[in-house]
Amino acid sequence: GTAYAGGGARDNCTGSSGGGSYSAACAVAAPAKWRQVTSTSVPCTWVKMPALAYYQTAQIGQVGPIDPSVFTKPDGSVGRRYTNGTTATGWTAVCAGRSTFRWVRDDIRAADVLAVARDEATKRIPAPVPEISPAGLGTVNLGMWLAVAAATAPPARAEAGPVWAEATPTLRTTTWTFGTGDTVVCSGRGTPVVDPTTTVQGPCGYTYRRPSPPDQPYELTVTTTWDVRYRSSAGSGSLPAVSRSSSVAYPVREIQTIGEAG
């Protein structure tokens with residue numbers, strides 16, 4: 001779907017009349033850059049709105065209001081000047097079949113839009129769901145297989161006029177701690193068990209050498225680390241990695257065997 005950020009502060013217009021004349025002044029505060037960024041699952045089509053078209057649609061209440069902050073730019077498009085001197089351009093954005101008029105500040109850069117895409121991509125990264133074998137209860141000297149449930153984080157795209165950015169998370173590693181001081185780092189999601197009856201430790205695995213104390217299971221923690229690559233209207237590159245963690249209680253027993261001669 002498509003999510004639209006708010007348009008910023010409302011116009012603060014005052015008017016006065018006297019002697020057969022009327023004057024008006026509007027103070028329009030510049031909205032924060034992130035509030036003018038559109039988060040979308042598919043690329044939008046952005047077209048500058050001609051000033052003439054803006055005034056025509058404003059008259060029927062589709063955009064507006066018309067006030068002294070609105071002006072015609074040299075290329076014929078409609079512009080708006082905020083109280084701090086910042087200017088914006090009026091755009092018609094068509095996203096997922098929906099057409100919306102939007103003011104976009106002229107000083108928005110790819111880094112501003114990338115910040116929105118990065119935040120949205122980070123929200124999409126799930127916490128790891130451990131897939132451990134043996135599940136629920138371990139045994140001393142019995143090899144474990146370690147993995148997390150397969151998961152993806154869809155790319156996140158953000159746009160503001162002609163400026164756009166897309167951030168894509170990719171799972172890099174899973175890091176396991178076992179409540180014993182030991183750590184194992186595995187590539188990707190780890191290695192799901194192939195044969196649940198095997199006693200051999202998996203390629204991404206671990207073997208407990210001591211049982212857990214009575215009523216005090218080990219705390220087994222897995223942390224997934226995701227690389228985040230980006231593409232934008234200004235180029236491409238890497239963003240800081242993102243990690244997610246989850247823990248499970250994992251009791252480990254010791255089985256004693258007694259052999260009899262004959």
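The side chains of Arg157 and Glu166 come together in a salt bridge, with 3.8 Å from N to O. The term stands for a side-chain nitrogen of Lys or Arg within 4 Å of a carboxyl oxygen of Asp or Glu. Arg157 is buried, at 11% relative accessible area, and Glu166 is buried too, at 18%; here buried means under 20% relative accessible area, exposed over 50%, and partly exposed in between (1.4 Å probe, protein chains only). Both residues belong to a network of salt bridges that also links Glu159 and Arg231.

Before we go on, keep in mind that this is a predicted model, where local features need pLDDT of at least 70, side-chain atom pairs count only at pLDDT 80 or more, and totals for chains, interfaces and linings use all residues. Residues are numbered from 1 along each chain as its sequence is written, and side-chain values use heavy atoms, leaving out hydrogens and water.

The structure holds eleven salt bridges. Among them is the one between Asp119 and Arg118, whose closest N and O atoms are 3.2 Å apart. Asp119 is partly exposed at 40%, and Arg118 is partly exposed at 35%. Another joins Glu120 to Arg124 at 3.3 Å, N to O; Glu120 is partly exposed at 25%, as is Arg124 at 29%.

Now let's visit a sheet. Three strands form an open sheet in the order β10-β12-β16, with antiparallel pairing. Its edge strands, β10 (130–133) and β16 (205–206), each pair on one side only. Strands are DSSP runs (E, at least two residues) numbered from the N terminus, and two of them pair if DSSP finds at least two bridges between them. β10 and β12 (residues 144–148) pair over four bridges, and Ile132 has Leu146 in β12 as its bridge partner.
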